[in-house]
Amino acid sequence: MVFSQTYPTRVYKLVIFDFDGTLADSFPFFVSTINHLADMHSFKKIYLDEVESFREISSREIMKNLGIPVWKLPAITQSFIKLMKVNSSKIPLFDHTDEMLAHLNEHGITVGLVSSNGYENVTSVLGSSCRYFSYFECGASFFGKASRLKQLLKKADFKPSETIYIGDQITDYEAARTVGIAFGAVLWGYSSEKLLKKLSPDEIFENVSAIKRITVSKK
């Protein structure tokens, strides 16, 4: 395996992952269900030719464009979780995810997960890859991941300076910054590469296998 020529900016002992769009390839499922959710919760539908443009803007901007008030978000999230529970067998992990997680474990890195998705969905999709995780914090509110990151940090007993949160959306970046930990952006998830690079994340991963370089020290 050939690693990217960029090396981690610091030594990480705790790696926390987001789930949807980071480990689980759930975006196609999300696109296939969004208009069903729109009918259920009375917000604007998204046409297929609009999907890519929505990847270029933040979650708050998407909510504004679709006419989704913040108070509706918990119910919409729960409906999505229920739909995904029925279809979890159809949602794959991204290629090389198991191999990457095994690599982190083999190099002594503690692995955790913070997600807005439900624990049953997360563990169902992860399958045997669950064995690599020491901590799960699932069911976080969409804009409330920071509090779950704090809880996980406390349980794991690592310093913020030793920790990175790896995700695919601006909300993941904001949560990491609120807690004072590094943020690693993946370029294959819900948000576009252009949008994520504007955030100047601490680490950028162009593919799943590139996450392995966290274990490589800069010489």
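The buried residues of α7 are Lys145, Ala146, Arg148, Leu149, Leu152, Leu153 and Ala156. They cover an arc of only 160 degrees around the axis, which puts them on the same side of α7. The model is a predicted one. An α-helix has 3.6 residues a turn, so residues three or four places apart point the same way. The face of α7 turned away from the buried side carries exposed residues, Lys154 and Lys155.

The length of α7 was also checked. The helix runs over residues 145–156, 12 residues in total. Just after α7, aspartate 157 adopts a positive phi of about 60 degrees.

Six strands make up an open sheet with parallel pairing, in the order β3-β2-β1-β4-β5-β6. The edges are taken by β3 and β6 (203–205); each has a single partner strand, so one side of each is left without a neighbour in the sheet. On average, neighbouring strands of this sheet are turned by 20 degrees against each other, direction ignored.

At the β3 edge, three bridges join β2 to β3, and the two strands run parallel. Valine 114 stands opposite glutamate 137 in β3. Helix α8 also packs on the sheet, where it touches β4 and β5 (182–186). The direction of α8 makes about 165 degrees with that of β5.

Terms used: Residues numbered from 1 in each chain as written. Predicted model: local features only at pLDDT ≥ 70, side-chain atom pairs only at ≥ 80, totals over all residues. Heavy atoms only, no water. Helix = DSSP H or I, 4+ residues; strand = E, 2+ residues; numbered from the N terminus. Expected span 1.5 Å × (residues − 1). Buried < 20%, exposed > 50% of the residue type's maximum accessible area, 1.4 Å probe, protein only. Arc of directions from axis to C-beta. Pairing = 2+ DSSP bridges. Axes fitted to C-alpha atoms, helices over the stretch in contact; angles between N-to-C directions. Contact = heavy atoms within 4.5 Å.
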